[in-house]
Amino acid sequence: MTNETLARADADRRIRRTATVAAWLCAFVAAASILTAVASLWLAADLTYVGMVEDGKELLAAFFTTPAERDGMTWVGGAAPYQVASAVGGVLTFAAYLGATRVCQRVMRTGEVFSLDVVRGLRRASVFLVLAAFVPGLLRLVGRAISGAVASQLMVEAAFIPAGTVIVDNGALAIGALLFAICRMFEYGCILQKQDDELL
């Protein structure tokens, strides 16, 4: 066996091991994201129910105007519209990391890093991460506007955005942008890989 063959076999083993660890990490983040989304939806439904039962509001009024702080109890994450926005962010993050998990599993099985399937999978994950950075914040602002309009119609207090609420998630945006840039580099790697395979 030549040194080049040994080097390729060693590199293949390292790539597969790295992909295995990355797949587990991505799967963990995906599971945590979907659990967070479910918890946020449950909290939104619970708070809306409390507004309907205790305040006698109709469904939409309870959803948009029931405050998260009531009778010494606080619903983590704020009022129902902000909980739903957080759930949407969780679903988008789940989609991104589920896609990344599948890419890593593919690399783990095949050992192929520079393939169009890997590039497409990573690009989809990057798009979902960028959406997860912006969409929840926009939904929070829309929820605040609707909450204010409904509250003024009913002459009740609007449910405010909790202090420290993030409008743009800089972490998700940075990871998504970096992943998209890596996809561009991988596209060039795919060309080189194809040329290398044709020479063998």
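## Surface and overall architecture

The chain exposes about 11900 Å², of which carbon and sulfur atoms supply 68%, and this value, like the others below, comes from a predicted model. Of the 200 residues of the chain, 34% count as buried.

The secondary structure comprises 5 helices and 2 strands, and, read from the N terminus, the elements follow the order α-α-β-β-α-α-α. Where contacts link residues at least 6 apart in sequence, 73% of them join residues at least 24 apart.

## A nonpolar patch on the surface

Y49, M52, V53 and L59 together form a nonpolar surface patch with about 410 Å² of accessible area. Helix 1, which spans residues 3–55, gives the most to this patch, with 3 residues. V53 is found in helix 1 and is exposed, its relative accessible area being 51%, a value that lies over the 50% cut-off for that class.

## Helix 4

Helix 4 covers residues 116–154, 39 residues in total, and reaches 55 Å from its first C-alpha to its last, which is close to the 57 Å expected at 1.5 Å a residue. After helix 4 comes M155, whose phi is positive, near 55°.

## Salt bridges

The count of salt bridges comes to 5. One of them pairs the side chains of R13 and D10, at 3.5 Å from N to O; both residues lie in helix 1, 3 residues apart, which is about one turn of the helix. An α-helix has 3.6 residues a turn, so residues three or four places apart point the same way. Both partners are partly exposed, R13 with 46% relative accessibility and D10 with a relative accessible area of 30%.

A salt bridge also forms between K57 and D55, with the closest N and O atoms 3.9 Å apart. Here D55 counts as partly exposed at 36% relative accessibility, whereas K57, at 19%, counts as buried, because that class takes in residues under 20% relative accessible area.

The side chains of D117 and R106 meet in a further salt bridge, at 3.1 Å from N to O. D117 belongs to helix 4 and R106 to helix 3 (residues 80–110), so this pair ties together parts that are 11 residues apart in sequence. Both residues are partly exposed, D117 with a relative accessible area of 36% and R106 with 24%. Elsewhere, salt bridges that share partners join D10, R13 and R14 into one network.

Note on methods
Residues are numbered from 1 along each chain as its sequence is written. This is a predicted model: local features need pLDDT of at least 70, side-chain atom pairs count only at pLDDT 80 or more; totals for chains, interfaces and linings use all residues. Side-chain values use heavy atoms; hydrogens and water are left out. Helices (H or I, at least four residues) and strands (E, at least two) are DSSP runs, numbered from the N terminus. The expected span of a helix is 1.5 Å times one less than its number of residues. Patches are made of residues with over 30% relative accessible area and no salt bridge: like charges are joined within 9 Å, nonpolar side chains (Val, Leu, Ile, Met, Phe, Trp, Tyr) within 5 Å. Accessible areas come from the Shrake-Rupley method with a 1.4 Å probe; for residues, only the protein chains shown count as cover. A salt bridge is a side-chain nitrogen of Lys or Arg within 4 Å of a carboxyl oxygen of Asp or Glu. Buried means under 20% relative accessible area, exposed over 50%, partly exposed in between (1.4 Å probe, protein chains only). Contact means heavy atoms within 4.5 Å.
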